[in-house]
Every structure is written in structure tokens, then in C-alpha cells.
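Hi everyone, thanks for coming. I'd like to walk you through one model today, so let's bring it up on the screen.

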Amino acid sequence: MLRNLCAAVLAPAALLLAAGCVTVPKTAPAVAAVSPQQLGLSQQRMMSVDKQWWKGFGDSQLDSLIEEAFAHSPSLDEAIARVRRAQAQALAAGAGSQPQLTLDGNEIRQRLSENYTAPPKDLHIGAGGGGVYWIGELGLNLGWDLDFWGRQASLLQAASSQAYAAELDRASARLALAGSIAQAYVDLYRAYALADVAADAQTQRESLLRLAQSRLHAGLDTAVEVKNAEALVPQARLARLMAENQRDVAVHRLAALAGHGADWYDRIQRPQLKLDTALPLPDALPMDLLAHRPDVIAAKARIDAATADRAAAKAAFYPDISLRAFAGFQAVGLDKLLDSNSAAYGVGPAIHLPIFDAHRLEAGYLGATAEIDGTVSQYNDTVLGAVRDVSDALSRGDSLMRQRVESEQSLVAAQAAYDLAKSRYKSGLTSQLTVLNAETQLLGLRAATVGIDANLVIARVTLLLTLGGSFEPPADTAAADNSIPSSPSSAVAGSGASS
């Protein structure tokens, strides 16, 4: 019986479809995704990175700050909220392919038209048409979209890919947050070290002032040298105050990144970093770089979502066939609603076929095709940006290592020159200007060395982040050598995805 009904509905639908009521536009995506072979990746593979890589710095306070950030950071909470929204949308998309069963009932006080219908003749409550009656319905209604063309499956795949991309965005946000705190912590280390340099400079200037005063009393200097030394002391104090302010600002930044306010400022103490701790980083672009970047995998997942949306837009051109059924009671009059003679039921197929829609379906399909080009372009931009970021980080790390060697050699020579100049000044063999020049050079090199050491650590952290950090790619993508990873929902793709 049901088969005959379906055949009766599908036969004219097939004829209408053959007549070409609304045709699918002949269009195809125009942008191609960049392949790993085009990126100049080496045969070197990514090294294994500890999930909690920041513990390699050996500072328990840094560990605590990152854990606090994971628990309280607003930026991470926002990413988690996006994941939950995307998962809810995927759940809603999946519901479209499942049977829908509802219980519906109503009782309406209604005047019946004299020229349209009348209640049964055995209903002893009025004169039929023109009378006012209670009209009620109570029943179960079943609806089931059979999804012959894969539209619901494509919508589910699109929503699942978007949810997967949102989860990867969360991984990116978590990685970026850990990296931001590590870098801010190194900045705090630098601020403390520069404050030390400024404090030492003040001490040296005060010592030089005392030396000039003693030489004045001994008749070896004039008041000019004493006044020059006196003028340098306030400058040193000003530099120390500015350095201490930078240190306080670094503390405020760390507290905010950890998800806390002013109540945490006093809890953040001086860092105890082991700057020479080596992170397991490569010296060339690894061949599996793309599989270790959550933002790259998320961009690919959005291509999958756009492709599935296009398949769903194409399926909308074909007949939408569903199964409808109902069973319940219908009656005029309250006392008759649950009477056995008021029972009603029915079952059969239903069809929806677009014949003329003023180009709405064509516009949707063309827009979905353009969306694929847009997501592929975004993917290519993400991939090229990833390669550029890693290349920049590698070059910067190599340059800083060379700078550190040169800086250390210069610092040793400057310290020796200052010690010699100060000794000769005490003995009256050189002028105060020579001591000041040597001191200025020494302080500048000390500050530069602190900056290079801090920048070198930040460069290593940045390189770790650009390589994907501690992100672990899905097992099916991690095993691939040069594959562009796909989202796990790709197996859900419906039919009709081709141009």
C-alpha cells in the first residue's frame, strides 16, 4: 500500500524533474588549495613536544599562572562558548534527518459557515451550519524527511565540520594563551633585570660622586667634576623609577592574562627562569608542519563545511520527499472528542518540488560555490602565514644566538675597560669623562645583553607556537606525510557534492 502511494507521488515528480523545472547552475570552485609540496618543507619531522612545555623553564610560579589562565581566562571561555554553540548547531542539523513525532491537541470555539460545512446530523447541539460549536482535535503526528538526495546529510556534515573547526580554534586559543603568558613572564624577567641594571647604575653614579668629592678635598679635582657627578645621580634615579614602572606594568599584564585583577599583583614575585633550558625545536621547516598547526586544520575543516553546504544547496533543486502520518481524534462537540467514532488516521508520502522560485535556489548555489573559494583562499593564507611565521622565527632565533655571542664578548671587554678607567681615575691618571664614557658603554651593553637573552627565550617560545606547540593532531592526520588533514566528519558527506 505504502509502496503504491510512494510510486504514485514519485512518478509525476520524476516527469517534472525531467522537464527541468529549476536547473542547477553550471559553476565550480575556482580557487585551488596550496599543496605542501609547494611550500618548500624539508624531510625533517616535528620533534616531540611535552604537553606542558612551559615546565621546562623550571619556574613553579609560571606553571601556576598558566594553569590559572586555563581556568579563568575570558578569551579561553569565549572560545569554549563558540565550541558549545557549534556543537548545538551540529545537533540541530542532525535532527533534520530523524523522524519527528509530536502530540498536538486543540479545542476551538468556532462558528461554522452555512455555505461550507455542517456538523453531523446526529449532533443534538444546534442546527448545523451557522451554529457555534466546540471543534477539537487530538492526535500524534509523524514527519520523516527521507533525504533521498543527501541534503540533510550534507547539512549535518557542514555543521559537524564547523564544530570541529571551533574545537580547533579552542586548541589554538589555549596554545596562544600559554605562549602569551610565557612571553609576558619573560618580559617580567627582563623588567626585573633592567631594574637591577638601573639600580646598579644609580649605585655607580653615587659612588662616582663620592669619589669626585674626595678628589676635590684632596685637590685633585675641581668643583666642575663634582657638579657633573651630582647631576648624573638624579638621572640614574629617574632611569631606575622608569624601569620599576615597566616591571609593575609587566605584573599587571600577567595578572590579566591569568584571569585576575589587582588582587593578584602582590602574589606575582620575581621570576626564577632557567633561560638556558632547551626546547626541542627543529632548525628547518618540518615536513609535517601543517598537521601540527590547529589553525591550519581548522581552516581545512571550514573548506569541508563549505563543500558540504554546496552539496546541500544542490540537493535543494531536487524533490524533497517525506513520509507523513497522523492518528488521533477529531470531533465537533466536547463530549464526542474521545468517542471511538471520532478516530482518524492517515499515512502517506509528501513531495515538495521547486518549479519557479525567482532564482532563489540558483543564488544559494552560486553563493555556496563562492563560499568554497573564500574558505580555500583563507586556508591558503593561513598556510602561507604559518610557513612565513616559522621561517621568521627560525631566522630570528639564529640571529639572536649570534648576537648573544657578540654581546657577551663586548660585555667582558666593557667591564674590563670600566674597571681600568675607574682605577686610573682614583690614581689621578685619567679624567672623570673617561670613567663616565666607560660606564655608559658598560651599562648599555648590560641592558642590551639582558634584552638579547630575553628575546632569545621569547623567540624560542614563538617558534614553538608557530610549529603548533603541544597540539596533538588527530591520529589519522598525524600518520600522513604530506597530507592536508581533513575533519573527522568528512565521511558523513551526502551525494550531489560535485559541480
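Let's start with α4 (residues 151–217) and α6 (residues 294–315), whose axes come within 8 Å and cross at roughly 165°. Axes here are lines fitted to C-alpha atoms over the stretch in contact, with angles from 0 to 180 degrees between N-to-C directions. Angles over 145 degrees count as roughly antiparallel, so α4 and α6 are roughly antiparallel to each other. The residues of their contact (heavy atoms within 4.5 Å) divide into 16 nonpolar, five polar and six charged.

A word on the source: this is a predicted model, where local features need pLDDT of at least 70 and side-chain atom pairs pLDDT 80 or more, while totals for chains, interfaces and linings use all residues. Residues are numbered from 1 along each chain as its sequence is written, and side-chain values use heavy atoms, leaving out hydrogens and water.

Buried residues (under 20% relative accessible area, 1.4 Å probe, protein chains only) make up 42% of the 499 residues.

Now, which residues have the most contacts inside the largest nonpolar core? They are W53, L62, L65, I181 and L254, in a core of 34 residues. Such a core is a set of buried Ala, Val, Leu, Ile, Met, Phe, Trp, Tyr and Cys residues joined through side-chain atoms within 4.5 Å. Its largest share, 10 residues, comes from α4.

How values were computed
Buried < 20%, exposed > 50% of the residue type's maximum accessible area, 1.4 Å probe, protein only. Helix = DSSP H or I, 4+ residues; strand = E, 2+ residues; numbered from the N terminus. Parallel < 35°, antiparallel > 145°, perpendicular 65-115°, else oblique. Nonpolar A, V, L, I, M, F, W, Y, C, P; charged D, E, K, R; others polar.
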